Amino acid sequence: PSCRTPLAHCRSRNISMATPAGSPVELPPGTEVSVLLAEDVGMENEEADVEDGCRLGAWYVVKVAKSKMRKSGQDDEGSDQLGCVRHLVQFQDGSQQWVDFTRRPVLVHPPKDGDGGLSRADRARIMTLHFDGWEAASASSGKKQQPSGKQQLGSVSQQCFWLTKVKDGSLSEMAELVLASCASFDFKNISAVLSRFARDCPFAAGDAAVSWSAISECIKRVHADSLCDYTPRSIANICWAAARLAGAEDRGGGLDEDAQKALPGIYHLAMCRLLADLRWATTADEEVWPSGDIWAGWQPQEVANLCWAITRSGNVPMDSVKRRLLSIVAQGALLSRWAGFAALEMANAFSAIGASGLAPPILVKRILYKTHKHLDMFKPQEVSVVLLTAAKSWAPRALYRPVLQSVLQKVAKTKLEGYNSLDMQNLMFVMAAVSKSKVADELVLDKKLIHECAGFVVQVCGHATSSIRSWKAGELTGLVFGLSKLGLLDEALLREVGRLWRTWLQGDEQKAPPDALSPQTLANLVLAMTRLGYADPELVALVCGRAGVAAKGVARKGSKTWDEKEMTNVLWAGACALGCHEVSALRGPSSQPRVVTSALKDLASALQGLLKTVCSQVQQGRLKLREGLPLSMLHIAYTALRAWRAECGSAGGCEAWEPPQEMIAAWRRGATNNVEGLSKRELQASSSRLHKEVSRSLTEQVLPSLFPGGYRKSDEVDLGGFIVDILITPAAGPRLSIEVNGPPHYVQLVPSLSSAASAAESAPVHRLNGKSRMKMWFLQQVEGVVPIAVPYFGWDACQSNPARQATFLLEVLREAGVSAGAASQVAPPTDVGAVAQGAAENVDRREETVAECFQKLQAARRASNEAQVVLAKANKEVSRLQELVLQAKRAKERAEEEATEKAKGLAEAQQAHDGQRPDDGGGELDTLRSAKRMKSSNGSAT
């Protein structure tokens with residue numbers, strides 16, 4: 001039929017819109033279903049896991065074993081309610097459980113051989129499953145509001161005239177027209193007006209007031225109409241425009257109070273309208289709805305716009321209606337394989353489903369497959385949205401790693417053409433999400449991904465450094481945070497970012513971009529920078545001071561409140577900035593203490609002030625800290641202040657202060673919460689393979705020769721609230737703290753990635769990250785031990801050779817000041833600063849030596865490969881020449897055979913000419929000729 005919606009179709013044929021009652025759907029055994037379950041859901045507490053959005057767990061892929069009907073009780077009026085179907089499902093581990101699919105989000109997998117060609121009956125059965133029990137749920141949510149009164153609409157000619165003015169007039173003229181004639185507009189004009197305002201927002205200063213007044217009038221008019229007789233296109237456009245305008249309300253205007261109250265009702269009516277159309281078209285007879293369209297006359301663009309609007313707007317809570325609608329859209333997209341969706345519509349719908357936590361792995365897999373297969377069909381913004389949504393879902397990283405790799409390599413080849421700063425930041429976030437695994441096999445893939453996509457990283461960092469003013473504050477923070485997750489350090493970029501934020505914090509805050517000085521942005525920024533081992537003490541001091549003022553309850557104009565997580569992150573960043581500042585900038589000669597700058601003094605003072613404020617707020621009950629990580633961060637901040645006072649004394653600008661002992665004990669318990677209660681054997685069993693190999697080599701080959709006077713060695717030791725890998729206590733001299741550092745302890749310099757990507761013999765340059773450097777500083781200053789780091793790349797270069805491993809460990813210890821047979825010559829604890837500095841410099845030199853050896857090895861391998869290529873070419877040429885010789889021999893043999901045959905033919909011709917034939921008597925003639933030749937030869941010889 002030509003009618004696009006069930007409502008118009010029924011009115012054109014005088015058919016009732018009453019939905020058939022239908023019976024609950026029973027899925028056949030063997031059907032695969034993705035179901036969202038809480039971790040502790042069972043038969044005894046299933047009733048508590050209702051669609052209230054409070055208890056969502058993870059997606060499970062289950063198989064239906066059997067189903068049964070469960071009768072419900074009677075309602076308040078005494079009538080029997082329709083029973084519901086419970087399915088016995090089998091999990092992948094073999095366990096079984098009864099589940100009511102109508103009480104939680106589900107996604108039924110289509111048959112593997114269906115390929116999108118399911119019959120209408122199969123699709124209707126699967127779609128109907130999502131509507132079981134929907135009427136009871138939606139009835140209590142609010143009935144459809146009837147219009148307060150019949151609106152007196154203008155004539156058709158007037159509507160056309162107004163529509164022309166809306167399209168061609170200025171904003172002020174359109175706003176005046178709306179304020180004068182909004183009550184007579186039809187739904188087409190209202191939709192056009194809101195769409196025009198949404199596209200032209202933000203408004204100029206002179207048009208803002210009148211424009212927002214006109215928008216408010218349109219919103220109230222739509223709410224008064226209750227979307228009655230509105231087409232799907234107008235409903236989707238109105239919701240899209242309202243959601244886009246809602247994000248711009250803080251830019252110089254906003255809706256009035258009545259319009260703001262009307263928005264949730266409009267969204268709810270739009271969702272109920274789409275649900276009602278989908279349910280009616282699914283359950284209606286084929287003669288009534290012969291098109292068999294899965295979207296009930298709604299175009300994919302309209303479905304995608306409505307889903308995007310209800311997710312983007314903050315006025316739509318995650319209630320049963322919204323969850324059910326998004327689940328049905330996900331089911332329809334899976335059944336139809338996104339048929340009819342353009343790339344933008346697919347990205348918008350998928351982002352809405354994923355943002356609500358309703359994208360199971362099978363849906364992610366299908367859309368990533370389509371994206372990878374038709375990558376040229378997607379624009380940069382659409383690709384980044386799809387990958388970002390996949391990264392934020394529960395899908396395994398293996399699903400989107402190949403797509404991400406293809407996209408990043410393509411972006412690097414095109415020099416970021418078509419990608420804006422938001423797209424770059426999103427792709428960097430996805431790259432960080434892929435590369436955060438701790439599994440050994442995954443780490444190899446992550447390292448390969450970073451190496452192959454190094455060009456993208458270098459280009460993005462270069463673009464952000466050179467065009468930093470064109471990036472938004474949130475995008476820069478996301479970029480730096482993604483680099484910290486990847487362990488990639490670009491000092492030039494961080495230097496520019498720090499200078500930009502210091503300008504905003506020290507100058508007029510009103511000139512700063514929106515959310516640039518929000519607590520979350522500031523906390524994430526300084527946390528990411530110090531994680532990478534880059535310290536900007538002036539910036540961190542400013543952030544600490546700002547957090548301290550907020551913790552005291554002094555509110556700034558237009559500022560947001562600081563929560564527990566943001567304050568503890570700033571405390572950790574301040575402690576790390578004190579301990580991981582560049583050695584060359586803080587140290588004089590090896591015998592001199594640290595050079596204390598004014599920025600470091602300000603940082604220490606601000607850090608102590610913030611910690612004291614937090615302690616005071618906790619004691620007064622105004623701030624509550626959770627056990628575990630927040631308390632461990634307070635312990636780190638307190639230890640940093642102790643280390644600073646021990647190193648700098650009164651010159652550090654930090655007065656002596658001690659919190660209550662019970663607080664210190666609680667902070668330390670929080671720092672060791674992960675290992676508290678574990679035995680020594682359990683701690684050693686949890687050590688890495690690298691740690692065990694280094695410990696074994698030290699015990700068997702290194703330590704006996706270094707300390708002939710005796711020593712004591714311990715693994716996994718709690719030292720001041722920090723777990724030390726290996727602690728060596730010799731009979732004479734200071735203790736040695738050996739940290740076996742794997743890949744997570746190091747960061748790679750982004751400029752070195754460029755050379756590594758362009759030349760196979762190059763290797764990225766590594767540095768200790770901020771956390772590892774801070775820990776070594778703590779142990780050195782507070783516990784009086786000599787910190788020593790054993791890098792993984794130096795150990796791997798030994799290639800499992802015990803002799804090389806022992807030599808490598810002796811060299812590392814010797815660089816720290818430990819010599820063989822002379823343990824008493826180790827520098828005392830008061831001079832461990834110089835020892836640590838020398839060790840750090842020697843480690844850097846050793847890293848350069850290892851890199852040079854690696855380059856030579858790669859050059860030798862490349863020369864060997866080239867020689868093998870030349871040898872292969874030579875062998876090929878020899879084979880070709882031998883074939884020519886063989887062909888020549890064969891040609892010679894053929895020529896001789898032909899000559900013999902020709903001579904024989906000539907002889908036969910001669911015989912025929914002489915009248916003799918080659919018969920049995922020919923032998924006598926040959927004998928006579930032979931005798932004649934012999935006689936002739938004898939005469940010649942004589």
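## Close-up views of a predicted model

**View 1. Helices α10 and α11 meet through side chains from both elements.** From α10, the contact takes in Val303, Cys307, Ile310 and Thr311. From α11, it takes in Lys322, Leu325, Leu326 and Val329. By class, the contact of α10 with α11 has six nonpolar residues, one polar and one charged. The model is predicted. Helix α10 spans residues 300-312, and helix α11 spans residues 320-336. Their axes lie 11 Å apart, at an angle of about 145°. The crossing of α10 and α11 is left-handed.

**View 2. Strands β3 and β4 form a hairpin.** Strand β3 covers residues 84-90, and strand β4 covers residues 96-99. The two run antiparallel and are joined by four bridges. Gln90 has Gln96 in β4 as its bridge partner. Five residues lie between the strands. In the turn, Gly94 has a positive phi of about 95°. Strand β3 is mostly covered, with six of its seven residues buried.

**View 3. Strands β6, β10 and β11 form an open sheet.** The order is β6-β10-β11, with mixed pairing. Strands of a sheet pair through backbone hydrogen bonds, either parallel or antiparallel. The edge strands are β6 (residues 488-489) and β11 (residues 766-768), and each pairs on one side only. Strand β10 spans residues 746-749. It pairs with β6 in the parallel sense, over two bridges. Leu489 has Leu749 in β10 as its bridge partner.

View 4. The chain has 942 residues, of which 48% are buried. Consider the contacts with a separation of 6 or more: residues 24 or more positions apart account for 73% of them.

Terms used. Residues are numbered from 1 along each chain as its sequence is written. This is a predicted model: local features need pLDDT of at least 70, side-chain atom pairs count only at pLDDT 80 or more; totals for chains, interfaces and linings use all residues. Side-chain values use heavy atoms; hydrogens and water are left out. Buried means under 20% relative accessible area, exposed over 50%, partly exposed in between (1.4 Å probe, protein chains only). Two strands pair if DSSP finds at least two bridges between them. Axes are lines fitted to C-alpha atoms, for helices over the stretch in contact, and angles run from 0 to 180 degrees between N-to-C directions. A crossing is left-handed if the near helix is turned anticlockwise from the far one by less than a right angle, and right-handed if clockwise. Contact means heavy atoms within 4.5 Å. Ala, Val, Leu, Ile, Met, Phe, Trp, Tyr, Cys and Pro count as nonpolar, Asp, Glu, Lys and Arg as charged, and the others, Gly among them, as polar.
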